[in-house]
Amino acid sequence: MRPVPADTSSAGTSSAGTSSARADGPPRQASLAELGRPLSDLTFVVVDLETTGGSPATAEITEIGAVKVRGGQVLGEMSTLVRASGPVPAMVSVLTGITDVMLATAPALDEVMPTFLEFSRGAVLVAHNAPFDLGFLRAAVTACGYPVPAWEHLDTVRIARRVVTRDETPDNRLESLAMLFGSASRPTHRALADARATVDVLHGLFERLGNLGVTTIEDLREYSARVSPAQRRKRHLADGLPTGPGVYVFRDGTGRALYVGTSRSVRSRVRTYFTASEPRTRMAEMVAAAARVDAIGCAHPLEAEVRELRLIAEYKPPYNRRSRHPERVVYLRLTDEPYPRLSRVRSVGDGVAFLGPFGSTRAAQEAETALLEAVPLRQCSTRLSPRRPTAACVLADLGRCGAPCDGRQSGPEYAEVAEQARQAMTGDPGPVQEALEERIARLAADQRYEDAAEVRDRLAAYLRVAARRQRLVALTAVPEMVAAAPTADAGWDLSVIRRGRLVSAASVPRGIDPRPWVDAVVASAETVRPVPGPTPCASVEETERIGRWLTGPGVRLVRLEGEWSWPAHGAIRAAKRFAAPPA
């Protein structure tokens with residue numbers, strides 16, 4: 001399956017709702033069309049795809065699974081592999097179990113699509129994360145030379161966001177929802193099995209919607225676009241706000257910050273909280289409690305994003321889920337003792353070999369396991385002394401530790417192991433990557449695909465955080481840089497960055513020489529006083545936002561004190577393989 005998208009929309013389809021009976025003229029009986037189409041009378045085709053990647057522009061469909069249902073009854077099923085024109089990536093084969101050998105004798109796409117189009121004719125398509133599946137289906141129909149149908153569709157992810165609470169399940173992945181609704185089919189990253197699980201999820205969601213009075217597909221669209229009168233009455237809170245980029249803060253009657261957000265047009269964005277385009281239930285609760293909206297105009301979007309992060313960290317608003325506790329990051333570090341080991345800590349000082357930061361302890365554990373699979377560091381927590389041997393643990397008998405505790409491994413020999421770990425954490429992750437990829441290959445050859453997927457996930461976690469560390473260290477080592485990004489109207493957005501912190505910003509209009517502005521923005525920049533640690537002057541998120549902005553299209557370095565570079569054999573290149581999880 002593919003990742004669940006960000007929480008930006010609600011349940012429903014791309015079509016508008018039906019019109020109501022006329023208010024003028026004599027009373028009349030509404031037609032059947034105006035009464036809506038009951039969900040129990042509609043035919044749904046629940047579809048799931050397996051693909052070679054995440055984008056229909058560069059990837060292909062390898063399997064289609066579809067289940068046709070009506071009134072809670074299964075009317076038919078369709079399942080077929082699809083021959084791809086190129087090889088299936090190894091990581092996708094590990095995840096799905098679909099190999100090049102399996103696809104060699106499968107029908108081609110132009111043989112499969114007519115069958116699917118006939119199977120789904122006249123039905124409402126349903127998918128878990130429908131934009132993904134519909135994007136591939138539309139591309140496939142076009143590639144086969146057919147006109148793209150105007151598919152009416154539902155997305156179980158979006159419906160679940162309106163119906164299922166976080167107390168019931170932490171996320172809206174198919175696996176989580178299938179478990180919640182007691183699906184008889186377990187999602188297995190194969191198309192038909194996942195489509196069957198989606199059918200059970202759909203019926204579970206419809207049952208809950210029925211209890212809320214949502215019985216027609218028109219009701220479902222209206223339910224997703226429902227706006228309370230209390231929301232509409234507070235539209236005046238957006239009056240007078242700036243129209244350019246900036247940060248806005250919703251506050252209650254006591255002045256307490258409820259929610260902090262950012263936008264390229266503050267007034268337009270705040271207005272959406274009082275309309276149907278803001279479907280999140282928590283935002284409706286927030287708006288009901290809000291008494292005013294404060295705004296801070298910014299020079300350009302990067303400054304707005306940075307100010308948002310700082311305000312969230314300062315106010316910790318209850319309706320912001322992310323970025324409220326930037327201090328709660330986790331690091332892996334090598335301990336400072338004769339026989340170093342890995343330790344999970346909340347902060348690290350200068351001169352310490354570390355890996356991180358991690359957003360959670362679980363992510364740190366995955367990366368730690370990956371490193372220990374390649375480098376046999378000791379895993380016991382006892383502080384060992386070179387002068388007093390102690391008994392070895394079972395890991396020594398398993399060959400996963402050299403046992404410096406009982407003298408089987410000398411101090412210099414263990415120092416070489418510790419140096420390997422230090423290099424893997426701070427420099428080239430190649431040895432760890434090679435060791436784990438060899439193990440993935442062995443597990444896949446033995447058809448232990450789930451175990452191979454677990455090792456792959458650990459390797460991905462390790463490479464991503466190693467690349468994250470290298471980006472942060474490279475940027476925070478620069479005493480000062482000035483960068484300029486082109487604007488849509490041919491002007492320039494200027495940013496002054498010191499040790500990974502945004503210290504000054506300005507926007508230069510079109511047709512004006514930016515050089516005097518550069519001098520002025522540097523002269524007015526904030527003075528920074530670095531503290532020990534990997535992010536000496538700003539939060540991790542702020543430095544990362546700045547790093548993404550610097551690598552954006554058209555951004556130029558105007559001034560640079562020191563150097564800004566990434567290691568040639570570092571983790572950044574390897575981590576790109578795991579930037580977008582496979583479908």
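The model is a predicted one. R499 sits in the loop between β13 and β14. Its phi is positive, about 55°, although the residue is not a glycine. Most residues other than glycine have a negative phi.

β13 covers residues 492–498, and β14 covers residues 501–508. The hairpin they form has two residues between the strands. Seven bridges pair β13 and β14 in the antiparallel sense. To see one of these pairings, select R498 and its bridge partner R501 in β14.

Together the four strands make an open sheet in the order β14-β13-β12-β15, with antiparallel pairing. Which strands stand at the edges? They are β14 and β15 (556–561), each with a single partner strand, so one side of each has no neighbour in the sheet. On average, neighbouring strands here are turned by 15° against each other, direction ignored.

At the β15 end, β12 (residues 480–486) runs antiparallel to β15 and is joined to it by five bridges. One place to look is E480, whose bridge partner in β15 is E561. Next, show helix α19 (residues 515–523), which packs on the sheet and touches β12, β13, β14 and β15. The direction of α19 makes about 150° with that of β14.

**A stop inside the sheet: D493**

Select D493, a residue of strand β13. Buried or exposed? D493 counts as buried because its relative accessibility is 12%, and the cut-off for buried is under 20%. Show its side chain together with that of S507: a polar contact of 3.0 Å joins the two.

Then display what surrounds D493. Leaving out residues up to four places away in sequence, its contacts include A483, A484 and A485, as well as A506, S507 and W549. A299, H300 and P301 are also among the residues it touches. How far apart in sequence are D493 and A299? They are separated by 194 residues, while their C-alpha atoms are 7.6 Å apart in space.

**The largest nonpolar core**

Move on to L342, L355, F358, L371, L377, I440 and Y462. These have the most contacts inside the largest nonpolar core, which has 41 residues. Elements that give two or more residues to this core include β11 (354–358), α14 (361–374), α17 (430–445) and α18 (449–476). The largest share, nine residues, comes from α18.

Centre the view on I440. Not counting residues up to four places away in sequence, I440 touches M91, V94, A452, V455, R456 and L459. Another core, of 29 residues, lies apart from the largest one; L42, V67, V126 and L154 are among its members. In soluble globular proteins, nonpolar side chains tend to be buried together.

- Select G356 and P357: a cis peptide bond joins them, with omega about 10°. P357 belongs to strand β11.
- Select H189, in the loop between α7 (174–180) and α8 (191–211). Its phi is positive, near 65°, and the residue is not a glycine.
- Select S263, in strand β7 (residues 257–263). S263 counts as buried because its relative accessibility is 17%. Its side chain reaches the backbone nitrogen of S265 at 3.1 Å. Beyond its neighbours within four places in sequence, S263 is in contact with G244, P245, G246, Y248 and R269.

**Zooming out**

Finally, show the whole protein chain, which has 21 helices and 15 strands. Of its 583 residues, 48% count as buried. The accessible surface comes to about 28500 Å², and 50% of it belongs to carbon and sulfur atoms. Among contacts between residues at least 6 apart in sequence, 66% join residues at least 24 apart.

Conventions
Residues are numbered from 1 along each chain as its sequence is written. This is a predicted model: local features need pLDDT of at least 70, side-chain atom pairs count only at pLDDT 80 or more; totals for chains, interfaces and linings use all residues. Side-chain values use heavy atoms; hydrogens and water are left out. A nonpolar core is a set of buried Ala, Val, Leu, Ile, Met, Phe, Trp, Tyr and Cys residues joined through side-chain atoms within 4.5 Å. Buried means under 20% relative accessible area, exposed over 50%, partly exposed in between (1.4 Å probe, protein chains only). Contact means heavy atoms within 4.5 Å. Two strands pair if DSSP finds at least two bridges between them. Axes are lines fitted to C-alpha atoms, for helices over the stretch in contact, and angles run from 0 to 180 degrees between N-to-C directions. A polar contact is a pair of N or O atoms within 3.5 Å; within protein, one must be able to donate a hydrogen and the other to accept it, and residues adjacent in sequence count only if both atoms are side-chain atoms. Accessible areas come from the Shrake-Rupley method with a 1.4 Å probe; for residues, only the protein chains shown count as cover.
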